[in-house]
Amino acid sequence: MTFEIPSPLQNLIFSKNQIEPTSKMQISTWVCKILIIFLVCGFSQAQICSEGDRAALIGFKARILKDTTGALSSWRGKDCCGGGWEGIQCDLTGRVTQIMLQRPADKDSGVYMKGILSPTLGDLKFLEILVISGMKRLSGTIPSSFSGLKRLTQLVLEDNSIEGTIPSSLSQLPLLQTLSLSGNHLTGPIPPTFQNLSKLAQLTLARNSLSGTLALGKLAHLQYLDVNNNMLSGLIPVALGQLSELVFLDLSNNRLAGPIPNSFSNLQKLQDLSLNNNLLTGQLPPWIGQLKSLATLSLGYNQLIGQIPESISQLQNLWNLSLSRNSFSDPLPNEALSKGLPSLLSIDLSYNKFNLGTIPKWITSRQLSTVNLAGCNLKGSLPFFTKPDSLTSIDLSDNHFIGGISGLFQKLSSLQNAKLSNNQLKGNLSEIKLPSGLALLDLHSNQLSGLLSGLLVSTGRFLETVDLSNNQIMGTIPSTISKLVELKKLDVSRNHITGTIPPSLGNLSKLEWLDISINSIGGKIPTNLLMIRQLRHVNFRANKLCGEIPQGRPLNIFPSAAYAHNFCLCGKPLPPCKQG
């Protein structure tokens with residue numbers, strides 16, 4: 001092995017202009033220092049891994065029954081540090097300090113590891129980072145031996161199939177800063193001993209089946225707490241208000257009850273607060289306006305009452321306000337809101353006890369991206385937005401709008417999602433020109449007329465959902481519907497559609513939901529529909545269809561009710577067709 005003397009050392013040794021005459025003792029000292037540098041450099045290049053660490057990694061590999069990621073195929077040879085072992089990093093002494101095995105987000109569902117977590121990983125005493133995420137079929141429990149990883153700063157086991165309870169012994173990891181166990185099958189409580197993790201900055205336990213109460217009030221350095229989509233119950237602890245460093249707090253989709261604690265007024269650094277889909281009661285407290293850093297406030301799907309406080313208008317950084325499906329009541333603080341919330345981009349006040357009548361000007365005059373005002377007792381014609389180009393999503397369903405519909409779409413050129421269902425809107429479909437980037441169109445339960453082909457002529461290819469059910473639409477299902485290659489849901493039930501089912505419908509390979517029930521469609525069900533492998537719901541009920549139901553998946557696995565009340569359909573799941 002050869003070594004190149006770094007240029008600073010060359011200058012130190014050989015530059016006569018810079019070095020005064022020296023004694024033999026000084027020269028000997030320099031030589032010793034240089035030899036030490038050579039030895040260290042040589043050792044760091046070799047990085048032969050510890051035999052004990054290699055054995056611990058091989059123990060992990062042995063518990064993996066199938067690996068379609070291909071990562072573990074590189075774990076060969078005796079050198080786990082310098083031998084190209086994917087996901088492994090070592091320090092200068094050949095001790096394993098990092099395991100990073102992550103399934104790339106853009107990989108398909110066939111990429112995974114099947115097996116269990118080996119307790120031998122607990123033998124990696126120098127390990128600082130352990131990340132094994134996105135493996136989907138990696139099951140078993142979290143080994144108690146992980147409590148021996150005293151140097152661990154990051155433990156990330158997201159999006160696997162890990163079971164059992166969270167071992168309280170993890171609270172014995174004194175240097176732990178990040179703990180993420182989201183997207184597994186964990187049960188039981190969050191260990192109260194986690195309060196001993198004095199350096200913890202991020203705790204993510206979302207998308208599990210954890211139960212019990214929260215007891216995390218002593219984590220002075222915690223910045224990020226996410227426990228959404230579990231089964232946590234009881235009151236939101238007042239002690240959470242002591243976590244003064246919190247920037248992100250998500251307690252949504254649990255069974256938490258009671259009021260929003262007043263102690264939350266201390267969370268001055270909080271930027272995202274999500275408490276939606278719980279059992280919260282009481283009012284939205286006036287101190288909400290004191291959280292000056294707040295950018296997202298999501299309180300939907302609770303049992304909150306009373307009026308929205310004027311102080312909410314003081315939130316200069318708030319861009320997303322979601323208060324849907326509570327029992328908030330009139331009046332809105334319109335004057336304050338018209339002067340405040342300068343950063344607002346998304347507003348959702350749907351399904352409360354509002355009787356708005358018309359949409360407030362502080363909403364229609366802003367440059368918003370999302371406006372959801374479903375079930376707000378709105379009346380009259382559809383609104384006019386002063387700055388329509390920015391609007392990408394609108395939901396005005398379950399109101400009392402009347403009149404035409406075409407004028408709204410002409411202005412909203414950037415619209416991607418449009419929900420206007422369950423109103424009293426009229427108009428001919430051929431008069432509607434849809435925005436080219438529209439992905440979702442829900443106009444069900446109105447009084448729209450005209451031909452289905454008239455609407456689809458103006459439609460971009462990006463449509464994923466079309467619901468025109470319960471209107472007065474006539475004509476046939478056009479064969480050109482096959483151009484909607486992204487379509488996942490088509491519902492034209494409860495109309496006056498005639499003709500036959502076009503075979504080209506079978507070209508919609510992404511279609512998952514098809515409902516053409518309660519029309520006057522005749523002919524046979526095309527065998528081409530068997531090509532739609534993703535289909536999980538169909539309804540052909542109450543038409544004039546006849547002939548044998550195409551035999552094969554998915555059509556013959558749906559219940560008989562999906563084919564009932566037609567002229568003469570037969571074959572599984574209906575009675576067999578008559579011979580001859």
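Guide: Contact here means heavy atoms within 4.5 Å. The model under discussion is predicted.

Visitor: With that cut-off, which residues does alanine 56 touch, leaving out those up to four places away in sequence?

Guide: Alanine 56 touches Thr120, Leu121, Asp123 and Leu124. Alanine 56 itself belongs to helix H3, which covers residues 51–62.

Visitor: Is alanine 56 buried or exposed?

Guide: A residue is called buried when its relative accessible area is under 20%. Alanine 56 has a relative accessibility of 1%, so it counts as buried.

Visitor: How far is alanine 56 from leucine 321, in sequence and in space?

Guide: The two are 265 residues apart in sequence, and their C-alpha atoms lie 49 Å apart.

Visitor: Let us turn to the whole chain. How many helices and strands are there in the protein chain?

Guide: The protein chain contains seven helices and 38 strands. Its radius of gyration is 32 Å, well over the 25 Å that the globule rule gives for 580 residues, so the chain is more spread out than a compact globule. The C-alpha trace spans about 105 × 70 × 55 Å along its principal axes.

Visitor: What share of the residues counts as buried?

Guide: Of the 580 residues, 50% count as buried. The protein chain exposes about 26,600 Å², of which carbon and sulfur atoms supply 52%.

Visitor: What part of the contacts with a separation of 6 or more joins residues 24 or more positions apart?

Guide: Such pairs account for 48% of those contacts in the protein chain.

Visitor: Which residue stands opposite threonine 187 in E11?

Guide: Serine 209 in E11 stands opposite threonine 187. Strand E9 and strand E11 (residues 209–212) are joined in the parallel sense over two bridges.

Visitor: How many bridges link E13 and E15?

Guide: Strand E13 (residues 231–235) and strand E15 (residues 255–258) pair in the parallel sense over three bridges. Within this pairing, glycine 234 has leucine 256 in E15 as its bridge partner.

Visitor: What joins E15 to E17?

Guide: Two bridges join E15 to strand E17 (residues 279–280), and the two strands run parallel. Here glycine 258 stands opposite leucine 280 in E17.

Notes. Residues are numbered from 1 along each chain as its sequence is written. This is a predicted model: local features need pLDDT of at least 70, side-chain atom pairs count only at pLDDT 80 or more; totals for chains, interfaces and linings use all residues. Side-chain values use heavy atoms; hydrogens and water are left out. Two strands pair if DSSP finds at least two bridges between them. Helices (H or I, at least four residues) and strands (E, at least two) are DSSP runs, numbered from the N terminus. The radius of gyration is taken over C-alpha atoms; the globule rule is 2.2 Å times the number of residues to the power 0.38. Buried means under 20% relative accessible area, exposed over 50%, partly exposed in between (1.4 Å probe, protein chains only). Accessible areas come from the Shrake-Rupley method with a 1.4 Å probe; for residues, only the protein chains shown count as cover.
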